[in-house]
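Visitor: I should like to go through this model by way of a few questions. May we begin?

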Amino acid sequence: MTARLAPVLRITVPALCMALGLAGAAGLSRAMTTRKRSAPPATVLAVGPAAVRHLTLASNDRRVELAHADGFWSAGAGASVVTVGLMSEVEGRLLPLQAYRSLSADTSSPEYGLVDPEITLRVTDTDGQDHEVALGRPTFTNGGVYVERRGDPGRVYLVPRRMMDDLRSLVAGRRIDTPDDLATKVRDNAPRDDGTSWWLRQALDAGGTPPGDRP
């Protein structure tokens with residue numbers, strides 16, 4: 001009887017081990033795919049383009065207004081056909097307004113530049129609600145800009161400098177881009193034995209607390 005079972009066991013045991021291995025791999029794969037993803041970026045202004053009825057930008061003595069209806073932008077006071085074209089190009093980056101970092105902070109502190117901001121953005125949504133954000137000084141790495149959502153004075157948001165370029169372009173009525181100096185910075189500042197992207201650390205302001213305890 002034992003002799004008859006030996007060939008069967010030789011076949012069954014490896015097959016069973018393989019089946020258990022495949023089941024374990026499948027379980028691991030499901031665990032990996034269902035694992036919670038990292039938190040999304042902080043939202044400064046949770047209004048998408050379709051929900052915007054009116055948009056106003058103010059900077060110093062310059063004021064630009066744009067209206068939005070049926071998926072199209074139109075020029076208001078201070079805007080031009082060029083401004084409308086620019087807004088159509090950048091609306092996906094600006095709305096909803098996303099930040100790559102947020103932190104508790106006193107927005108009245110002068111280092112943020114939010115008491116007298118460079119640009120103020122006001123959006124009226126299709127429900128008639130007004131939303132206003134202020135954009136102040138560059139971050140200590142110059143990888144982003146400090147932002148305050150009006151009515152939330154205990155929190156500072158950091159948005160990419162490209163977003164500020166888009167807003168400056170709308171105010172000026174022409175394309176404005178910050179000079180791309182990242183290649184030179186990487187060459188001059190990246191330690192050779194550091195595998196972390198220097199640009200990524202700077203752009204995300206993840207290099208630790210800067211001098212003066214500024215975030």
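Predicted model: local features only at pLDDT ≥ 70, side-chain atom pairs only at ≥ 80, totals over all residues.

Visitor: Is N60 buried or exposed?
Guide: A residue counts as exposed when its relative accessible area is over 50%. N60 is therefore classed as exposed, since its relative accessible area is 78%.

Visitor: How far apart in space are N60 and T120?
Guide: In sequence, 60 residues separate N60 and T120. In space, their C-alpha to C-alpha distance is 9.5 Å.

Visitor: Which residue of β10 is the bridge partner of S102?
Guide: Strand β6 (residues 101–104) runs antiparallel to strand β10 (residues 155–160), and four bridges join them. Within β10, the partner of S102 is Y157.

Visitor: Which residue in the turn between β9 and β10 has a positive phi?
Guide: Strand β9 (residues 144–149) also pairs with β10 in the antiparallel sense, over four bridges, and Y146 stands opposite L158. The two strands form a hairpin with five residues between them. The phi in question is about 95°, and the residue is G151.

Visitor: What span should helix α3 have?
Guide: Helix α3 covers residues 161–172, twelve in number. The expected span is 1.5 Å times one less than the number of residues.

Visitor: How many residues of α3 are buried?
Guide: Buried means under 20% relative accessible area. Among those that qualify are M163, L167 and V171. Of the twelve residues in α3, the number buried is nine.

Key
Residues numbered from 1 in each chain as written. Heavy atoms only, no water. Buried < 20%, exposed > 50% of the residue type's maximum accessible area, 1.4 Å probe, protein only. Pairing = 2+ DSSP bridges.
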